[in-house]
Amino acid sequence: MASQSANSEGAELGRFLRARRTQTSPEHVGLTVGAGIRRTPGLRREELATLAGISIDYYVRLERGKETRPSPAVLDSLARALHMDDQEHQHLRELAARAARYAPEPPPAPSRTVRPHLKLLLDSMRPNPAYVISRSMDMLAWNPGGLALYSGIEEWPAKHRNLARYFFLHPASRDLFTDWDRQITACVARLRATAGTAPDAPDLTNLVGELLLKSPDFARLWERYEVTGRKPAQKTFRHPRVGTLTLTSQSMQLEGTPGQRIGVYTAEPGTPDHDALLLLDMTEPAAAPNRELPQTSP
């Protein structure tokens, strides 16, 4: 059991390295490319090994998941060679640490329970839309605007209300966001970063498996293995009930919870955007809890 887990964790480390290598151009790291056709996208393994100062055989073992205990110096050299940013570098360290631990059992899914005082906090934020989400982006609690802002999500049963599922599988999502492509890229990067350090957790594997099956857009972005892609502070919505509005977003980790976060959207009082929030807060969405989830991406 422990050996199988070690292989799984090493494979995840290797997948991340391979994804970053194939998406890093030689020119980006200062290499001169000679004439002729390169069959390998991005850097070749031997090029990366040379840049990082390690043997090609050792790097191949890393990428194939056969080497699970790279030293901090090796990890730092690889991060420098691939021009990783701080978030990618930290993700690489976390993957390596997990591969070295040989954890024999997958972690359980975290509790979906939201404490009563957090629900009171959501209500106190009205008319600003606010909600609590899990680490896998399940919507666990919300105020009226927090649910109504994501047009159409109220049509799904409460247990299926998940923001990643909404972005990729709800037909209203593409029309709601003016920068839908940017939103889904950031969404997948966030899930990739979380799943990379808990690859066997059932709440994450179930969601990822569903989206890989139902959404080609998700599958394409998942394969890229990007772990950075923060969403912009301001978002513009084309809402079917209240029109176009631009809101400032803020997301915060909730202390003492199993990875829960609170998200809130605000607008300056007295502005048309704030007036739209007042209207959205008073609008009762037409719930249809028995509507089935779509089987393919729109």
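## Ground rules and overview

Axes here are lines fitted to C-alpha atoms, for helices over the stretch in contact, and angles run from 0 to 180 degrees between N-to-C directions. What you have is a predicted model, where local features need pLDDT of at least 70 and side-chain atom pairs count only at pLDDT 80 or more, while totals for chains, interfaces and linings use all residues. Residues are numbered from 1 along each chain as its sequence is written, and side-chain values use heavy atoms, leaving out hydrogens and water.

The chain has 13 helices and five strands (DSSP runs numbered from the N terminus: H or I of at least four residues for helices, E of at least two for strands). Of its 298 residues, 49% are buried, meaning under 20% relative accessible area with a 1.4 Å probe, protein chains only (over 50% is exposed, in between is partly exposed). Take the contacts (heavy atoms within 4.5 Å) with a separation of 6 or more: 62% of them come from residues 24 or more positions apart.

## Helix 10 against helix 12

Helix 10 (residues 180-197) packs on helix 12 (residues 216-224) at about 55°, with the axes 10 Å apart. The pair is therefore oblique; the scheme calls angles under 35 degrees roughly parallel, over 145 roughly antiparallel, 65 to 115 roughly perpendicular and the rest oblique.

On the helix 10 side, Trp180, Ile184, Thr185, Val188, Leu191, Arg192 and Ala195 meet Asp217, Phe218, Leu221 and Trp222 of helix 12. By class, that contact has eight nonpolar, one polar and two charged residues.

## Helix 2 against helix 3

Helix 2 (residues 45-52) and helix 3 (residues 56-63) pack at about 110°, with axes 9 Å apart. That makes helix 2 roughly perpendicular to helix 3. Their crossing is right-handed.

Arg45, Glu46, Leu48 and Ala49 of helix 2 make the contact with Ile56, Tyr59, Val60 and Glu63 of helix 3. Sorted by class, the residues of this contact come out as five nonpolar, no polar and three charged.

Asp281 sits in helix 13 (residues 272-282) and counts as buried, at 13% relative accessibility. Its side chain joins that of Arg126 through a polar contact of 2.9 Å (a pair of N or O atoms within 3.5 Å; within protein, one must be able to donate a hydrogen and the other to accept it, and residues adjacent in sequence count only if both atoms are side-chain atoms). Leaving aside neighbours within four places in sequence, Asp281 is in contact with Arg126, Pro127, Pro144 and Gly145.

Pro127 is in the loop between helix 6 (116-124) and strand 1 (130-133).

## Positive phi angles

Met137 isn't a glycine, yet has a positive phi of about 75°. Met137 lies in the loop between strand 1 and strand 2 (139-142) and is buried, with a relative accessible area of 1%.

Tyr225, not a glycine either, has a positive phi of about 55°. Tyr225 is in the loop between helix 12 and strand 3 (234-239), and is buried at 1% relative accessible area. His83, which follows helix 4, has a positive phi near 55°.

Note on methods
Ala, Val, Leu, Ile, Met, Phe, Trp, Tyr, Cys and Pro count as nonpolar, Asp, Glu, Lys and Arg as charged, and the others, Gly among them, as polar. A crossing is left-handed if the near helix is turned anticlockwise from the far one by less than a right angle, and right-handed if clockwise.
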